[in-house]
Amino acid sequence: MDIRLNVDGTVPFVDEKTGKSLVEKAVAANRSLYEKTGKGSDFLGWVSLPLSVSESDISEIETVSKNLKEISDVVIVTGIGGSYLGAKAVIEALNSSFEAYIDSDSPKIIFAGHHLDEDYLSELLDFIEDKRVACIVISKSGTTTEPAVAFRIIKRHIEQKYGKEGAKERIVAVTDRSHGALRKLSEQEGYKTFVIPDDVGGRFSVLTPVGLLPISVAGIDIRILLKGATDMEKASQVDVPAEENICIQYAVVRNLLYGNGKKIEILASYSPRLHSLTEWWKQLFGESEGKNGKGIFPAGVDFTSDLHSMGQYIQEGERMLFETVVSIEKPREELVIPEDAENLDQLNFLSGRRISEVNRMAELGTMLAHIDGGVPNIRIEIPELNAYILGQLIYFFEKSCGISGYVLGVNPFDQPGVEAYKKNMFALLGKAGYESEGEKLRARLL
Ligand code: PA5
């Protein structure tokens, strides 16, 4: 495998005996994922997903993606939570930070429906006014408010521009096989649809059309991404011993640290390309583990930027943190620091040296400083960022998350707590059926 898990920076903070018993639990948890004997076993389709995506599914995604690329300058991906974060993570990780896309034929991908900000949607309408637009609308339930509101706006825009017939070519829906408002609407309007398998929950769905279609439109080879995930699946099966299974090891070490009072895990990287991967990871672990009054709180930082904002707290604040660094060995580009005749900034000692060397020393120096300051350090080391390694990384995190949730003793595949805000929002907005609750809530707000 291209991913190396380095837990040396946790050694001073964990004890071996507890570690051994957690390894046994984690091995059993991994088995439960395959044998479907644990909690939430109806939602384990993702475990063997990379292997089970068929050639015809991939070809269909590629065909639709080719068409969307040809007819649009902008593709708006409408979805929230697991219905957009995975695609955003992969696209940003593999893209140039400035140019449109790796593949210059690809349209610009814009995400919408992941919040309810009126300004954002108004500005989006202005932005797409004179552009050729298409939309991939993604919702498993088909009833989630944020993407549904955004989709109403985008659908109207597309219909006004291209007519109902034109909209059929430009709107693709990814949703449940048979249930939900989006399925019904798609059938009524004649949209092309892709199915989110029943047994794959939102935050585990990046390797279904939910992630694969937008990723393919962005010009990324989804076959290579899937190959990476498949290889990681094979490397983390039940017959792989714990000492070789990095998913088990990561799940064990984070639970060990949690048991020792480290309640917050910070995912850190030294490349802004990984910002959205961190957002995806936060949802994956936060929604899977934060329940029954338990769970590690997943936070994220972009270093070195955040060393100048969060660095103080991490170094000297309350000692309830541990840090997991996704470390990329080789950058994609090469750039050296130039000599400066005046040397006012006193940085000529760095002249001729790669920026990545400075970044690497910042990373290693920070790791040692944080360990000395009482912050355990886990490193996920990858040689470089490409589709194959990203596929491995995605599956590594998903598998580790499933195992870790079982070790913690929760159902990692439900999210009952997400409903609380929705109920209150509907009650405050006066939705039928919520009248008395609405009155009570309004009284509390006075
Ligand atoms: O992981 C999950 O299940 C959630 O985060 C969902 O992905 C999110 O709420 C969006 O749901 P839906 O795809 O049904 O609109």
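**Ligand site and pockets**

Of the 13 residues around the ligand, those that come nearest are S83, S139, S141, T144 and Q283. The model is a predicted one. The ligand sits in the largest pocket, which has a volume of about 1,200 Å³.

**Ligand contacts**

- A polar side-chain atom of S139 is 2.6 Å from an oxygen atom of the ligand.
- K140 places a polar backbone atom 2.7 Å from an oxygen atom of the ligand.
- For S141, an N or O atom in the side chain lies 2.7 Å from an oxygen atom of the ligand.
- On its own the ligand has 380 Å² of accessible area, and the protein covers 87% of this.
- The shell around the ligand consists of 9 polar, 3 charged and 1 nonpolar residues.

**Largest pocket**

- The volume of the largest pocket is about 1,200 Å³.
- This pocket is lined by 39 residues, and S139, S141, T143, T144 and K422 are the closest to its centre.
- At least two lining residues each come from β4 (133-139), α6 (145-170), α7 (181-189), α11 (275-289) and α15 (419-429).
- α6 supplies the largest share of this lining, with 8 residues.
- By class, the lining of the largest pocket has 15 nonpolar, 14 polar and 10 charged residues.

**Second largest pocket**

- The second largest pocket has a volume of about 820 Å³.
- Of its 29 lining residues, S271, R273, P331, R332 and N359 lie nearest the centre.
- β9 (321-328) and α13 (355-372) are the elements that give two or more residues to the lining of this pocket.
- The largest share, 5 residues, comes from α13.
- The lining of the second largest pocket divides into 11 nonpolar, 10 charged and 8 polar residues.

Conventions
Residues numbered from 1 in each chain as written. Predicted model: local features only at pLDDT ≥ 70, side-chain atom pairs only at ≥ 80, totals over all residues. Heavy atoms only, no water. Near = heavy atom within 4 Å. Polar contact = N/O pair within 3.5 Å; in protein donor to acceptor, adjacent residues only side chain to side chain. Areas by Shrake-Rupley, 256 points an atom, 1.4 Å probe, with all protein chains shown as cover. 1 Å grid on protein atoms, 1.4 Å probe; cavity = no way out; pocket = protein on both sides within 12 Å on 5 of 7 lines; lining within 4 Å. Sits in = over half its atoms within 2 Å of the grid points. Nonpolar A, V, L, I, M, F, W, Y, C, P; charged D, E, K, R; others polar. Points joined across faces, edges and corners; volume = space filled by probe spheres on them. Helix = DSSP H or I, 4+ residues; strand = E, 2+ residues; numbered from the N terminus.
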